[in-house]
Amino acid sequence: MIRLRVNGRDRELDVDPAMPLLWAIREQLAMPGTKFGCGIAQCGACTVHLNGNAIRSCVTPVAAAEGGEVTTIEGLADLVEGEGLHPLQQAWIDEQVPQCGYCQSGQLMSAAALLATNPDPDDAAIDAAMAGNVCRCGMYSRIRSAIKVAARASAVQFFDPATSEVEEASHG
Amino acid sequence: MGKWTRRAFITTGVLAGGALAVGVAIRPGHRAPKVAHKVTDEGETLVTMWVKIDQNNRVTLIAPHSEMGQGAHTALTQMLADEIDARWEDMAYQEAPALDEYANWALGKGFLLGDADVPDALVPTIDGAFMKITKAMKLQITGGSTSVRATGVYGVRVAGAAARELLIDAASEAWGVPASQLIAQDTHIVDTVDGRRLSFAGLAEAAAGRQPSATPSLKTPGEFRVMGQSKPRLDVPSKVDGTATFGIDAQVPGMKYAAIKAAPVFGARLVSVDSSDVQAMDGVHKVVELDDAVVVVADGYWQASRALDGLQITWSETENDAKSSDDLFAQFDASLAQAMEGGESKTDVEEGDVELAFADAAATVEATYRVPYLAHACMEPMNATARVDGQGCEVWVGTQNPLGFRYEVAAALDMEAEQVEIHQHYMGGGFGRRSDADSAIQAALIARAAGVPVKLIWSREEDVRHDHYRPAVASRFRVALDRDGGIKAWENVYHEKHEPVEAPVIPYAVAARKIHHTDSPTHVPFGPWRSVDHSQHGFFTEAFFDEVAVAAGRDPYEMRMAMLADKPRHQNVLRQAAERGNWGETLPRGVGRGISLQESFGSLVAQVVDVHIDNGKLKVDRVVVAIDPGFAVSPDGLTAQMESGVIYGLTAALYGEVEIEQGAVKQSNFHNYRMVRMNEAPQIDTIIINSGEAWGGAGEPGTPGIAPALVSAVFDATGVRVRELPLAKQDFSDWG
Ligand code: FES
Ligand code: FES
């Protein structure tokens, strides 16, 4: 039995410890927002947070998440205080980022991990954090501007479920 | 509206409860009532095939187009909102179910045939355009960039205008005032004299039985309030919180998961499989043998795919087991040489005396261009979920052609189409790939064999290795120049003729032209790939034109403009792209700028591309795209399509190559079938030109022009002429 927290909830998984976290999330936990794209850490569609870091869940065995805090797209909005969307989700809507939308859970989770450590990323930082996420619909310039729009949104509060402490991040 | 208003019959019918149904039909007949129960919920009134008004005065567009991110649902909804005069907040979209009554193939078909007025009786028998692509007579396809320009223009707008007029007439009778003093406004009919108002919902029933006008009056562009505005896409909110349900997300009670391995060489068959080690593995339910594939059905996808890897499979031998890409290109070259040297070929265009022009040419330019096979690599791998029992079959899938899938699945199961139900989902990319029913058919066969509902998911490796590919093609050119550097004659021969038929035809004025093609069949399956034949011919013709301009000592932009003297619309698009792209500037060594012009799917697109060589690596800095689509229903949606089309074409031009090795596809996943990523994506500036000409497509026209502009820019930067894609094969290490 593997124990972990997913989006703030304690979960137990009765699965082979070698099973990739991706399939445990999608099939065992029935949370389909996290997507399968390649299975070999090449596309980023399966990106989730493990203890606040963006990871590729398709190559991460559930055993590696034992006792950890996992955040998926379904829990992204809860990373910020209050009701409503994460500022990145709002920016994604404002900039009309998604086309087919299939890559966007992974894009948002990668972007959220970036902003959590670098609240005002420049182009090079965005390139570095986002190059692992393929968008076959080619919405890169919109993703870039949406990250900047979200970063500019003032006084975004990031909530780290690992410590349950609210930390104020200021943005220029 | 031309021919289509006369051919598009507006039909009415009375539904249970005395409500009104209006449809725009290609053939006469009361077809709307037949399908009413499929699209109406309790308490809702069907007002047209494309319109549903519920008790809350919500106007729902029902149209047979699927959403793969191209914004079709939103653009079509805008068209209806404008014609019927409803508030945007009152609008919704519902995709039409996969029923014959909703088939839009007649519209798409007629459109692709150049608005030909096809007699009704002939329509189902024509074997052309879309028919070859889908291999099905029953079509309900989203492709060919037809949503807005065919269904929207000929169906949705007419339906909306007809519905508005019916509602006004109903109010006129109810109030005893002339219709001329009534207007539709904000989902109400308003009396302009005394200001009284009645909602559409309140009038729908009263409109029942009224005869619709055969020629409802459509709005003029000056009257548009919603069309031409960038409305937020209806599907976007669900795509930022993980709630959008794609085919791969379907949940069916009791379902198992399937992983599949198909014969690596196309055309090979399954001979035998040793599954003794696998049957006992934890979670494995069954090993299913198909004609050309082996499948493991298990409790989860991961167990299924792990078990699949452990199988010992024997495939039949085929005559293609030794084939390589080199063999195929050698075959293409031989076919072209034969056609060029007087062998058999089929003519696309023949004008003037080509041989005479070459006989007294001041100079000639000859070249052969080549492109490789390309996979679609939709972000969502192919998948389908199916349940089969004695009564019928249900399939959960994202498809560009729900009705076609219904017929193909039925045929594969030996059932009637009526026994098959397709549950449509969002598509994680389509690009033409999801018009092929292969994975849906497999899912149905597997579910039947396994005796349980099954979700079949292809691995990315299967997706890359068992696509229906943009074909590998070679195209051979020769041009005769006169003393002033003008083109006297243009000859082009190629193979792989699909759609659109005009793809290889250049817009430039050349007195003597011969464009012809031959066959050079291979064992690699073909499928429509974003922009179809334009994806190769856009590169071939425009890249070669650049080469000819250089050979003639002329500026590629100026030469195009001079040869488009009788085409001001083309000139305008090209000029605007050139101006925004600073055409004519002098650039340092290692920096280059290229240009292209492409007409496809009714839209004109010019692109100017800037590149530089950085440490031996080619970098694409900026792309300027000017598009004249006639009219942009949603400017931001069109801009997004240009960005998308450019990146899709750029990925192909830089990296895209599916190679054949020992009869099978060599590439397998994103590490060796590379995609352009964030750090390589250029700035893209889009210019929209609303010329007022016939409305063109948006989803595909951005793709063909990037490759030729790119090789033109590479030549400008380095003097290296690239005639074979992808560019990744070039070595730029000498160039800074
Ligand atoms: S599915 Fe995990 S990186 Fe592609
Ligand atoms: S929006 Fe389609 S893959 Fe990114």
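This is a predicted model: local features need pLDDT of at least 70, side-chain atom pairs count only at pLDDT 80 or more; totals for chains, interfaces and linings use all residues.
A salt bridge is a side-chain nitrogen of Lys or Arg within 4 Å of a carboxyl oxygen of Asp or Glu. By that rule, the count between domain 2 of chain B and domain 3 of chain B is zero salt bridges, whereas the count between chain B and chain A is five.

**Between chain B and chain A**

- In the contact between the two chains, chain B takes part with 57 residues and chain A with 47 residues.
- About 4300 Å² is buried between chain B and chain A, and carbon and sulfur atoms account for 59% of that area.
- On the chain B side, Trp302(B), Met379(B) and Met678(B) together supply 21% of the area buried against chain A, which is more than any other three residues give.
- Polar contacts also join the chains, with a count of 25 residue pairs in which both members have a pLDDT of 80 or more.
- Four elements of chain B each supply at least two residues of the side that touches chain A, namely helix H9 (301-309), strand S20 (454-457), helix H14 (460-465) and helix H18 (635-654).
- Of the elements on this side of chain B, H18(B) gives the most, with nine residues.
- Sorted by class, the side of chain B that touches chain A consists of 28 nonpolar, 15 polar and 14 charged residues.
- Charged side chains can be followed to a particular pair, since a salt bridge joins Asp249(B) and Lys35(A) with an N to O distance of 2.5 Å, and this pair counts because the distance is within 4 Å.

**Inside chain A**

- Chain A is divided into domain 1, covering residues 2-76, and domain 2, covering residues 81-157.
- Where these two domains of chain A meet, 16 residues of domain 1 and 13 residues of domain 2 take part in the contact.
- The centres of domain 1 and domain 2 of chain A, taken over C-alpha atoms, are separated by 20 Å.
- Together the two domains of chain A bury about 1300 Å², with 61% of it on carbon and sulfur atoms.
- Between domain 1 and domain 2 of chain A the rule finds zero salt bridges, but there are six residue pairs in polar contact, with both residues at pLDDT 80 or more.
- On the side of domain 1 of chain A that touches domain 2, the elements giving two or more residues are strand S3 (47-50) and strand S4 (53-56).
- That side of domain 1 of chain A is made up of six nonpolar, eight polar and two charged residues.

**Inside chain B**

- The domain assignment of chain B gives domain 1 (15-237), domain 2 (249-317 + 382-457) and domain 3 (473-729).
- Domain 2 and domain 3 of chain B have C-alpha centres that lie 38 Å apart, and seven residues of domain 2 are in contact with 12 residues of domain 3.
- These two domains of chain B bury about 670 Å² between them, and 71% of that area is on carbon and sulfur atoms.
- Within domain 2 of chain B, Val265(B), Phe266(B) and Phe431(B) lose the most area to domain 3, together making up 81% of what that side buries.
- The side of domain 2 of chain B that touches domain 3 comprises four nonpolar, two polar and one charged residues.

Conventions. Residues are numbered from 1 along each chain as its sequence is written. Chains are lettered from A and ligands numbered from 1 in the order in which they are written. Side-chain values use heavy atoms; hydrogens and water are left out. Domain bounds come from an automatic or database domain assignment. Contact means heavy atoms within 4.5 Å. Buried area is the accessible area (1.4 Å probe) that two parts lose on being put together, summed over both. A polar contact is a pair of N or O atoms within 3.5 Å; within protein, one must be able to donate a hydrogen and the other to accept it, and residues adjacent in sequence count only if both atoms are side-chain atoms. Ala, Val, Leu, Ile, Met, Phe, Trp, Tyr, Cys and Pro count as nonpolar, Asp, Glu, Lys and Arg as charged, and the others, Gly among them, as polar.
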